[in-house]
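Let's take a walk through this protein together, from its paired strands to its inside and its surface. Keep the picture open while you read.

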Amino acid sequence: VPPTQLAAWEPLLDGKSLPDLEASAQIKLAGTLNKPTGSLVASANLPISPAGTTVRAWVDGTLEGEELYVRGVVNQAFQSRLELNVGAPFATKKLVSWLQHGGSTPAVNSVLGDIGGAVVLKQLSIATVRRLFDAPYDLDGALSGAFALSGKLTSPRVQGGVNVISARVGPVRVEPATLSITPFGPGYRLEASIGFLAPEPIKAETKVGQLVLATTTPASSRACGSEGSGGSLLIAGYLPLDDTFARDKAGLRLDISGSGVPLSAVEGFTKALRETAGCITMAGNVTGTIAAPEVSVGISLSNGGFSILPIGIRYDDVGLRGRLQAGLLTIDSLYAKNRPLYGGYELRELDAGNGKIEGTAQVQFEGFVPNRIDGKLDLDAAWLIATSDRRAQASGTLVAEGSPKSLAVEGALVVDNAYLNLSERFFSGARGSPLHPDLEIIRPGAQVAATKAGEAPSFSIAVRPKISIDLARHVRLRVAMPLQGA
């Protein structure tokens, strides 16, 4: 099979889709039925980015009498990054007899004997893995290590470990980070250790005429651990995975402890939060089964801070104490100050000082999805939004209770300051139209992917508000209404 786009074979598969990649293969057979020899060589270029970047994967296998050997390799930048080597006895005569005389289909383990082999990681790029699985996270680094394989093909035993080199989660540098897995009884012993390095100072240069001003922004506000040395997260325990790999077996036990875990790591998983700061401390365990784990952990956050870009608000001095046990998340205390993230915006008439937020809550989970929320929030001149055309501060108390599908929110708010700008665009009804998924925009030197239809969120909240709002004559309204024919 010469190099071929797999999509070209789709008309032969009754409408079934194939991956958009190029592959080739070569098969050779020789010898007799009782003593065959053969070889297989196959390769494919796997796309990992819209710009056309690919990794090359190939598999070669040989059969000599009753010995089967398979080797798989993933190459990137002309270097081997991942290798799989597996060998096993192969019951050639038994398979041939079944092909000649029929009968019940032989089980895989009756044809293939105990395997022996290994998986070797050679600085495999985390970014490459992330792109292969289309994971939209800001993760980087490389994986190095090895895992030995033994036992039956359908129920292999695994032993080994992996190190993460020069890792990064959002702005947080992760080093060292190790994971090891060892057979223990009918299951496995798991140990994972993650270290978080203190962030580096941000250095910048500003030119004013012939003068160059060098500035250094200290990273102490984002550092965790003793004297900004960083923090750590440890996970150790037992996984009840036997040769059936059933996920419902009891006996799961993982102990979790973390100190000085930087909140900044969340920036690797969302673009809404930026400039995060603060340290998380946690301790607890996970029991039950892998399919239905029972989490019991206490957590606290100190000196927290973050910016929510879509609403233009900065939160500082964030403190939180809570615990998760038997599916119930209890937030004993929550405290934060907030202020506008951006300066200006005609704030001359508004009090641009800090607002305050305090609260408590209980959230009952069913599986990993909330099914009951009870909470109370006290606002003291707290900022609700601070964008270029909408800004508001309010004081009061809000109480929420009910299920996410029908969450009742009641309370009373007094508006301390507010500003609303209704531009001509607001009245024109102009709205951006997403492109059809089959369209692409081609620009010199860049390719912009077409807008895809969004998926429905896995979790949403339907609020039933009953809130009295006193504007207190503190709202400024600015309107620019188009008048046709005037």
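This is a predicted model: local features need pLDDT of at least 70, side-chain atom pairs count only at pLDDT 80 or more; totals for chains, interfaces and linings use all residues.

Now to the strands. E4 and E5 run antiparallel, and E5 also pairs with E6 in the antiparallel sense. Here's how the two pairings look:

| Strand pair | Residues | Bridges |
|---|---|---|
| E4 and E5 | 54-64 and 67-76 | nine |
| E5 and E6 | E6: 79-89 | 10 |

What about the turns? E4 and E5 make a hairpin with two residues between them, and glycine 65 in that turn has a positive phi of about 65°. The hairpin of E5 and E6 has two residues between its strands as well, and there alanine 77 takes a positive phi near 55°.

Next, the inside. In soluble globular proteins, nonpolar side chains tend to be buried together. Here, the largest nonpolar core has 39 residues, and Leu254 is among those with the most contacts inside it. Leaving out residues up to four places away in sequence, leucine 254 touches Leu190, Ile235 and Val286, among others. There's also a second, separate core of eight residues, including Ala88 and Leu149.

Finally, the surface. Is leucine 12 buried or exposed? Leucine 12 is exposed, because its relative accessible area of 66% is over the 50% cut-off. You'll find leucine 12 in the loop between strands E1 and E2. Together with Val1, Trp9 and Leu13, Leu12 makes a nonpolar surface patch of about 420 Å².

How values were computed. Residues are numbered from 1 along each chain as its sequence is written. Side-chain values use heavy atoms; hydrogens and water are left out. Patches are made of residues with over 30% relative accessible area and no salt bridge: like charges are joined within 9 Å, nonpolar side chains (Val, Leu, Ile, Met, Phe, Trp, Tyr) within 5 Å. Accessible areas come from the Shrake-Rupley method with a 1.4 Å probe; for residues, only the protein chains shown count as cover. A salt bridge is a side-chain nitrogen of Lys or Arg within 4 Å of a carboxyl oxygen of Asp or Glu. Helices (H or I, at least four residues) and strands (E, at least two) are DSSP runs, numbered from the N terminus. Buried means under 20% relative accessible area, exposed over 50%, partly exposed in between (1.4 Å probe, protein chains only). Two strands pair if DSSP finds at least two bridges between them. A nonpolar core is a set of buried Ala, Val, Leu, Ile, Met, Phe, Trp, Tyr and Cys residues joined through side-chain atoms within 4.5 Å. Contact means heavy atoms within 4.5 Å.
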